[in-house]
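Subject: A structure for you to explore

Hi there,

Here is the structure I promised to pass on to you. Have it open while you read, and turn it around as you go.

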Amino acid sequence: MAPSRSGSASGAPPGAGSRPASAQQASPLGEVAEEHARPASGGADADAGASSSRPTSAAGEQPASRQASAASRGRGDAAAHVPPPAEESTAPAPPPPAENHNQVQTQADPQLQSPAPEHYLAQGVRAIDVEVDQGPGLPHKLISVLLDYTQMYKKPYIGGYKNKKTQAMFHHAVTQTPRAPKFANAERKLERETQTVKISSRSAMTQREAATQMERPGVILDTSEDRVKTPGPYQTSEVRLAIVTKATKVIQRFIRGYLGRKRADYLKEKKREREAFLLEQELKAQKEAEEHRHKEIERRMHPRTAADFEILYNELEAWRLQETRRIKEAGLPKEKEHEVLQQLLHKETKLLQTIDRLKINANHENKDLRIQRTLGDMGKPKQMELKNGAKVEVHTPFTTRAKELQQLYNGLNLPMLSIDERLDVLLHVKWTVKEFDCNLTREIVELIDREADLLNRGRAPKMLEGLRKRISGLFLNFIETEEFNPQAAVHKVIPMNFEQYMFEKLEKSSARAPVITMKTTDKWDL
């Protein structure tokens, strides 16, 4: 840090050592410590030993301003020139030649000289001429300094000192040459605008200032809380190393114990998890085996599919072969062996009859399930997908009618109904089918009237089973016809020979069933 004289210091002339405000705030483009023009000898006359306008002492010493300038150059910066007192000034030097444009012409009196000329080069940029002292017996050098006002900023005050002899004030000053931006010519992706800036505020509690007050006459301090510290015995490096080594081993022992316990707990937890997983898998396997066993028993007790009956036939054949081999290997007499084989054949026949009965029951159950599944699919609401991906259920008139027909069909097949309940179901079915006039609907109405008449006569329900099955089958055909139930067209199976199918259907519809006239009650005269 090099000292430079302030232009507003008390005791210094306003024109001798003052520095322009623009030069104090100049950018580091070419900033040096500025000195205003002083009387100087011409270029040729200076070498000839012409008289100088600077004051000198009687002993031939250099002026104080030149000593200060030399001292400031030793610090790395140009210092402000301090003018001599007014009583020590001498006669002014002759003006320099006109052809030497590197020197600045000044007035005889240094107290009245003006600042260096300034030249504006561009907007915010100007140049000033600064005279630099080069040493004893050397002429002053005039240099041009560029000032960039676009980067002007106010420099902080960082202190200074005062010359007791000349009463000149010196301020400390620093300068910094600006560097080119690191990403001046980089792409835009490296600029600040394209980067994510994370700003966070952090507060810190710095150390508090403290002071110590010693006791003196007139000052009484409270010593009740004071403690006396007595130094212990002196420790050599070997003793200190032994203490640190012992403490380090203790710390290592506790840390290793902690890590060992932590590792043991981790392994125990893993072991518990493994045992719980194995137990869960074992229980799951046992449950699956039990479910498989019950399923296999159910397949043999109540077979439903062709695969179930195939298992029964295979097991029956294996049992027959095993029993036959056992009888052959028993070594019985011919008559006895023939009698035992007849008994085996009788058992096999009984088992085959049981399998056939199971097959008939399975066909009936499968047929009922198939009908219920088909009717349920007909009455199922439509799935509509919205723009947001959600699905909604929509009931159409076709699905609503299919649902009503399914309920009527299930009502016809309900057992254990009273006479009034049965008549109510038959009445609803009759109203439904009478909306259409064809052979099928007329036959259904006729059968419904017949059952109603038999119920009114007090016939037993067992005698009406055939009639009820016939009504149920015809109403099922009514439901599966697309003219009466439009939703049935979606679930209808088209045969391969479509022409033959349509021809048979046409013949069946053209055939007219015989008309049977029966007397009914007034309740059924619709």
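Below is what was found in it, one region at a time.

Please keep in mind that this is a predicted model.

Let's begin with the inside. The largest nonpolar core is made of 31 residues, and Val429, Phe475 and Phe478 have the most contacts inside it.

Leaving out residues up to four places away in sequence, Phe475 touches Leu405, Leu408, Tyr409, Leu412, Val429, Val433 and Ile444.

Next, look at H6. With 45 residues at 1.5 Å a residue, H6 should span 66 Å, and this agrees with the 65 Å between its end C-alpha atoms. Which residues of H6 are buried? They are Glu337, Val340, Leu344, Glu348, Ile355, Ala362, Ile371, Leu375 and Met378. These buried residues pack against helix H5 (306–329), H7 and H10.

Now for a pair of helices. The axes of H7 and H10 come within 10 Å and cross at roughly 170°. Angles over 145 degrees count as roughly antiparallel, so that is how H7 and H10 run relative to each other. On the H7 side, the contact is made by Arg401, Leu405, Leu408, Tyr409 and Leu412. H10 brings Ile471, Ser472, Phe475, Leu476, Phe478 and Ile479 to this contact.

The C-alpha atoms of Arg401 and Gly379 are 7.6 Å apart, although 22 residues separate the two along the chain.

Finally, there are two strands to find. Strand E7 (residues 382–385) and strand E8 (residues 391–394) run antiparallel and are joined by 4 bridges. One of the pairings to look for is Lys382 with its bridge partner Val394 in E8. E7 and E8 form a hairpin with 5 residues between them. In the turn, Gly389 has a positive phi of about 95°.

Enjoy exploring!

Best wishes

Methods
Residues numbered from 1 in each chain as written. Predicted model: local features only at pLDDT ≥ 70, side-chain atom pairs only at ≥ 80, totals over all residues. Heavy atoms only, no water. Core = buried A, V, L, I, M, F, W, Y, C linked by side-chain atoms within 4.5 Å. Buried < 20%, exposed > 50% of the residue type's maximum accessible area, 1.4 Å probe, protein only. Contact = heavy atoms within 4.5 Å. Pairing = 2+ DSSP bridges. Expected span 1.5 Å × (residues − 1). Axes fitted to C-alpha atoms, helices over the stretch in contact; angles between N-to-C directions. Parallel < 35°, antiparallel > 145°, perpendicular 65-115°, else oblique.
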